[in-house]
Amino acid sequence: MENKEFTDIACAWAAYRERLESAQYLNRKALESTLASKSFWLAPKPTAFYIFFTVMFLLGSFICIAKMPGYWPVPALCLFGAGDMVWQQQMRDRIRRLDGGVVGMQRNLLKYRRWYIILSIAMFPILAVFMWWFGYFFDLYEDTATAVVSLGLLGAACLIVYAVRTRKTFRALGDLTDLASQLGDLTRED
């Protein structure tokens, strides 16, 4: 009789432990899949950007070598853009993989935020100089007023795109920080 009670208690404990481990596993997997979906805006559609930068780089290099050596800023800007996208994708993948655990993820989120701000600030003067060069290289500006209006419109369009992307990126960073906190709480309970 005593042996049967012990076996029943052991079976009940094993079943309880199995349900608990299963629930924790499902919670962790759900949190990790949410983490992957929330990190989209950290590097949106990198393959499309790589294809665009590659085509523009090859075309720009051909034009630079074959016809107009002064066309070199186009391939140079493509290299800068591709490098920026590589960095964003690597950081996004580190965050998704939880490199360094929860603490590493939080560190990577802070690092991404800091470098996103620095590179965004650096991009504006580079883009302004590039647009000015592009317009004068192809004689698109008839006079100074046309140049100012054209650059103003292009600048406004760039600011709108930047504002939308930055808003979505920082919202994703906030969501990811919350998820990292939740994941940290979940792992501490284990």
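1. α2 and α3 pack with their axes 9 Å apart, at an angle of about 160 degrees. Please keep in mind as you read on that this is a predicted model. An angle over 145 degrees counts as roughly antiparallel, so that is the label for α2 and α3. Their crossing is left-handed.

2. Here is who meets whom in that pair. On the α2 side the contact is made by P46, F49, Y50, F53, M56, F57, G60 and S61, and on the α3 side by V74, P75, C78, L79, G81, A82, M85, V86, Q89 and R92. Sorted by class, this contact of α2 with α3 has 13 nonpolar, 4 polar and 1 charged residues.

3. Next, the other partner of α3 in this note. The axes of α3 and α4 come within 11 Å and cross at roughly 165 degrees, and these two helices are therefore also roughly antiparallel to each other. The α3 and α4 crossing is left-handed.

4. For the α3 and α4 contact, α3 contributes P73, V74, L77, F80, D84, W87, Q88, M91, R94 and I95. These residues meet M105, N108, L109, K111, Y112, W115, Y116, L119, M123, I126, F130 and W133 in α4. The class count for α3 with α4 is 17 nonpolar, 2 polar and 3 charged residues.

5. Two or more lining residues come from each of α2 (46–66), α3 (73–97), α4 (101–137) and α5 (144–189).

6. Which classes make up the lining of the largest pocket? There are 23 nonpolar, 3 polar and 2 charged residues.

How values were computed. Residues are numbered from 1 along each chain as its sequence is written. This is a predicted model: local features need pLDDT of at least 70, side-chain atom pairs count only at pLDDT 80 or more; totals for chains, interfaces and linings use all residues. Side-chain values use heavy atoms; hydrogens and water are left out. Helices (H or I, at least four residues) and strands (E, at least two) are DSSP runs, numbered from the N terminus. Ala, Val, Leu, Ile, Met, Phe, Trp, Tyr, Cys and Pro count as nonpolar, Asp, Glu, Lys and Arg as charged, and the others, Gly among them, as polar. Axes are lines fitted to C-alpha atoms, for helices over the stretch in contact, and angles run from 0 to 180 degrees between N-to-C directions. Angles under 35 degrees count as roughly parallel, over 145 as roughly antiparallel, 65 to 115 as roughly perpendicular and the rest as oblique. A crossing is left-handed if the near helix is turned anticlockwise from the far one by less than a right angle, and right-handed if clockwise. Contact means heavy atoms within 4.5 Å.
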